[in-house]
Amino acid sequence: MRIVSWNVNGLRSAHKKGFLDWLAAEKADVVGVQEVRAREEQLPEEVRAPKGWRATHFVSAVRPGYSGVGLFARKAPDDVETVLGVKDMDDEGRLQVARFGRLMVVNCYFPNGNGKERDNSRVPFKLDFYRRLFERLEKGLRDGERVLVMGDFNTAHQEIDLARPKDNRETSGFLAEEREEFDRWIRAGWVDTFRHFEKGTGHYSWWSQRFGVRERNVGWRLDYVLASPGAMPYVKRAAIHPHILGSDHCPVSVDLDPKVRR
């Protein structure tokens with residue numbers, strides 16, 4: 001069973017760059033996308049109901065052209081929840097919590113801490129979002145439920161997770177308080193699936209769109225799949241796919257034993 005997460009940086013734009021060709025070729029069972037930037041009715045029919053995918057589900061922000069998440073599944077989920085119960089957060093369309101049998105898949109677009117003037121003014125909102133989702137999932141974590149949290153976390157967890165850590169200590173995405181919040185998740189038992197298998201440097205999932213940055217691999221690892229202790233025994237491998245173009249982010253994936261759903 002393969003689960004894939006990708007911040008597509010505008011699904012309509014990604015569609016023009018070959019998103020459906022990638023989706024058709026991808027051997028995935030569930031694909032979560034972030035930063036859809038469109039209401040469902042604004043998406044082309046072939047994106048809303050691609051061949052071979054029995055279920056799609058989209059959540060949009062109240063603000064037009066902003067945020068949004070989407071889920072593509074080979075088999076329909078048993079149910080999908082989309083709110084944390086905080087209006088300001090729910091209005092931004094950042095969350096899907098889908099159940100597939102005994103497996104819970106959380107597709108999430110975590111907020112960026114940058115304000116309109118790139119002044120880190122949204123960091124408190126971002127950290128509050130992290131904490132409220134943590135609380136939402138805490139009981140399942142304690143009870144041994146099989147949970148995956150995937151998406152754009154908008155945080156590089158450790159120095160190894162970005163090319164230039166010394167230059168970005170005052171930049172949202174690598175602030176001490178953001179990294180500490182990520183640490184709290186790991187201390188609680190969540191497992192960074194990619195780091196479970198790969199300890200080396202140079203593995204990133206986002207690159208600035210400035211000329212030549214991606215080619216030189218001056219990137220950040222902002223996209224993760226975290227596994228609860230209950231899910232981790234079923235995780236067989238995890239990967240980042242930097243060769244996949246169409247967005248400033250690239251997809252990340254995990255492969256699981258299909259028994260995780262039973």
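Leaving aside its neighbours within four places in sequence, which residues is F134 in contact with? They are R184, W185, A188 and W190, where contact means heavy atoms within 4.5 Å.

Before going on, a word on the model. It is predicted, so local features need pLDDT of at least 70 and side-chain atom pairs count only at pLDDT 80 or more, while totals for chains, interfaces and linings use all residues. Residues are numbered from 1 along each chain as its sequence is written, and side-chain values use heavy atoms, with hydrogens and water left out.

**F134.** This residue sits in helix 5 (residues 123-142); helices (H or I, at least four residues) and strands (E, at least two) are DSSP runs, numbered from the N terminus. F134 is buried, at a relative accessible area of 6%, given that buried means under 20%, exposed over 50% and partly exposed in between (1.4 Å probe, protein chains only). Its C-alpha atom is 18 Å from that of G173, which is 39 residues apart from F134 along the chain.

**Cores.** A nonpolar core is a set of buried Ala, Val, Leu, Ile, Met, Phe, Trp, Tyr and Cys residues joined through side-chain atoms within 4.5 Å. The largest one holds 30 residues, and I3, V30, F100, L148, M150, V254 and L256 touch the most other members. At least two residues of this core come from each of several strands, including strand 4 (69-73), strand 6 (95-100) and strand 8 (146-152). Another core, of 23 residues, lies apart from it, with F129, Y130, F153 and Y224 among them. Not counting residues up to four places away in sequence, V30 touches residues including W53, L71, F100 and M150.

**Cavities.** A cavity is a set of points, on a 1 Å grid over the protein atoms alone, where a 1.4 Å probe fits but cannot get out; lining residues have an atom within 4 Å of a point. Grid points are joined across faces, edges and corners, and a volume is the space filled by probe spheres set on the points. There are 2 cavities of 30 Å³ or more.

| Cavity | Volume | Lining residues by class |
|---|---|---|
| Largest | about 60 Å³ | 8 nonpolar, 2 polar, 3 charged |

Ala, Val, Leu, Ile, Met, Phe, Trp, Tyr, Cys and Pro count as nonpolar, Asp, Glu, Lys and Arg as charged, and the others, Gly among them, as polar. Of the 13 residues lining the largest cavity, T193, F194, V225, A239 and V252 lie nearest its centre. The lining of the second largest cavity includes V59, M89, R94 and F129.

Conventions:
On a 1 Å grid over the protein atoms alone, a cavity is a set of points where a 1.4 Å probe fits but cannot get out, and a pocket is an open set with protein on both sides within 12 Å along at least five of seven lines; lining residues have an atom within 4 Å of a point.
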